[in-house]
Amino acid sequence: MTRPHLPLNALRAFEAAARHLSFTHAADELNVTQAAVSHQVKLLEERLGTALFKRLPRGLMITAEGEALLPVMRDSFDRMADMLERLEGGRVRDILNVGAVGTFAVGWLLPRLARFQADHPLIEIRLSTHNNRVEMSSEGLDFAIRFGEGAWHGLEAQRLFDAPLSPLCVPRIAEAITTPADLARQTLLRSYRESEWSHWFAAAGLTRPPARTHGVTFDSSLAMMEAAVQGVGVALAPPRMFTRQLNSGQVVQPFDVHAALGSYWLTHLKSRKPSSAMQTFAHWLIEEIRLTYGSEA
């Protein structure tokens, strides 16, 4: 089958003019004259047998036919630009889109990513964060790192490690706490999972005492920990994710009591066969966890 000749210059001129709704601004972007852009668009319109713009005294108005063509052109040029960007020294760089719970991304993954990039320079990680709610297919993710029990519909899940929760607070507050019961006199910062403090008090052998929460509920452990660092109250958070704050002395862990409510998991769509880059990243992640925690992850 003979492929039709694609008028790339005309298509590029149309896409730029449609974005700017101006031949002049499109010409500036493409580093050609306004007349050249107008000429290329006219050639494309003649080839298609339809008008793509209505010429107005001040600018352009795109037609319905132009509106239909524009997203196809944008996607095509974006894909070409992406592939050209991936070509490096004659080799193709793989793009890996990873979504991670914000706490895991900031507290565990980011400090280690430089090692991955050094060992695998032809795999580019594009990291986004989420709050444990993510649609992998619609967001174009290869992997999503989540917190929970490991059961998500349509997903393969590989356990990474547990992240048990324990109270964390500034040293000034810790000085006033000698037993878990003393937390009754403190402001307990809450995540959107309301039962976490109850589980921790049960692990400490107590029925949850009254607490002054002031109604503060956080949708992110990162935000809750920032509040704890500022002395707002006591956070219930996974110490493994906040080693930097603990090592610097910003916060302390007053009790060696933990509540295990779930694990971090590496997930991907069951319907998608893992690519070579995905397999490389998963193997690296598991090895980093083994080196960090040994067999106790």
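Mentor: A residue is called buried when its relative accessible area is under 20%, exposed when that value is over 50%, and partly exposed in between. The model is a predicted one.

With that cut-off, Glu15 is buried, because its relative accessible area is 5%. Its partner in a salt bridge is Arg19, with the closest N and O atoms 2.7 Å apart. Arg19 counts as partly exposed, at 34% relative accessibility.

Glu46 is exposed, with a relative accessible area of 52%, whereas Lys42 is partly exposed at 46%. In helix H4 (residues 64-86), Arg79 and Asp75 are likewise 4 residues apart, about one helical turn, and form a salt bridge whose closest N and O atoms are 3.8 Å apart. Here Arg79 is exposed, with a relative accessible area of 60%, and Asp75 is partly exposed at 39%.

The sheet gives a further setting. Its 5 strands form an open sheet in the order E6-E5-E7-E13-E8, with mixed pairing. Strands E6 (123-130) and E8 (155-162) stand at the edges with a single partner strand each, so one side of each has no neighbour in the sheet. From one strand to the next the twist averages 25°. Strand E5 (residues 94-101) pairs with E6 in the parallel sense over 8 bridges, and Asn97 stands opposite Arg126 in E6.

Helix H5 packs on this sheet, touching E5, E6, E7, E8 and E13, and its direction makes about 170° with that of E6. Helix H11 lies across E5, E6, E7, E8 and E13, running at about 20° to E8. The axes of H5 (residues 102-119) and H11 (residues 276-293) come within 11 Å and cross at roughly 115°, in a right-handed crossing. Residues making the contact include Trp108 and Phe116 of H5 and Phe281 and Trp284 of H11. The contact residues divide into 9 nonpolar, 2 polar and 3 charged.

Technical notes. Residues numbered from 1 in each chain as written. Predicted model: local features only at pLDDT ≥ 70, side-chain atom pairs only at ≥ 80, totals over all residues. Heavy atoms only, no water. Axes fitted to C-alpha atoms, helices over the stretch in contact; angles between N-to-C directions. Helix = DSSP H or I, 4+ residues; strand = E, 2+ residues; numbered from the N terminus. Left-handed = near helix turned anticlockwise from the far one by under 90°. Contact = heavy atoms within 4.5 Å. Nonpolar A, V, L, I, M, F, W, Y, C, P; charged D, E, K, R; others polar. Pairing = 2+ DSSP bridges. Salt bridge = Lys/Arg side-chain N within 4 Å of Asp/Glu carboxyl O. Buried < 20%, exposed > 50% of the residue type's maximum accessible area, 1.4 Å probe, protein only.
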